[in-house]
Amino acid sequence: MSHLEFSLILSSPTDDLMELITDFENLPKYLPDQLQNVKIIEKNNNGTITEEQIVFSSVIKNKITQQTRHLQISKNTINSEIISGPAKGSVISIKFSDSQNGTKVDVNVELKLSLKARFLSPLIQKFYKTVVSGMLYKINADAMNHASSV
């Protein structure tokens, strides 16, 4: 198991960022090369289950399909647990909190990989930090554009 933590400061309000990050089916627009498709499988009081098609590109191109259960555990925190696929059991927690400069975003990833996928571990760790950061910056830009047009 690998542990990854990082924080970002984004200029958009917490509520706008939370709204965009929980719009699961629109997430591929922020990561078109890596996140090819997200569809909602189930939505109820226990959260939302999505199915994602993810592409890892390096020397070899790997495409995986996984399912994830997303649970909003507070107004500003979402936990996502991967429930199928090579990273089954991994948990990603994203917490938004107000700061003087906008919104502080804390990302915590507990990455578990199947034996078959462990050889991809360095690539996947880099993927999570790079891709999640990039997605959050793009979501922030969208939130800023939305705020300025209102």
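This is a predicted model: local features need pLDDT of at least 70, side-chain atom pairs count only at pLDDT 80 or more; totals for chains, interfaces and linings use all residues.

Start inside: there are two cavities of 30 Å³ or more in the structure. A cavity here is a set of points, on a 1 Å grid over the protein atoms alone, where a 1.4 Å probe fits but cannot get out; grid points are joined across faces, edges and corners, and a volume is the space filled by probe spheres set on the points. The largest cavity comes out at about 410 Å³.

Now select Leu-27, Leu-35, His-70, Ile-92 and Met-135: of the 22 residues lining the largest cavity, these are the closest to its centre. (Lining residues have an atom within 4 Å of a point.) Colour the elements next: S2 (35–44), S3, S4 (61–74), S5 (77–84), S6 (91–99) and helix H2 (121–149) each give two or more residues to that lining. Helices (H or I, at least four residues) and strands (E, at least two) are DSSP runs, numbered from the N terminus. H2 supplies the largest share of the lining, five residues.

Residues are numbered from 1 along each chain as its sequence is written, and side-chain values use heavy atoms, with hydrogens and water left out.

Next, zoom to Thr-50 in strand S3 (residues 47–57). Thr-50 is buried at 0% relative accessible area (buried means under 20%, exposed over 50%, partly exposed in between, with a 1.4 Å probe and protein chains only). Its contacts (heavy atoms within 4.5 Å) include Phe-24, Ile-40 and His-70, leaving aside residues up to four places away in sequence.

Move on to S5 and S6, an antiparallel pair with five bridges; strands pair if DSSP finds at least two bridges between them. Click Ser-80 and you'll find its bridge partner, Ile-92, in S6. In the turn of this hairpin, Gly-85 has a positive phi of about 105°.

Last stop: colour by pLDDT, the predictor's confidence in each residue, from 0 to 100. Confidence is lowest in H2, at a mean of 78, and highest in S5, at 96.

Note on methods:
On a 1 Å grid over the protein atoms alone, a cavity is a set of points where a 1.4 Å probe fits but cannot get out, and a pocket is an open set with protein on both sides within 12 Å along at least five of seven lines; lining residues have an atom within 4 Å of a point.
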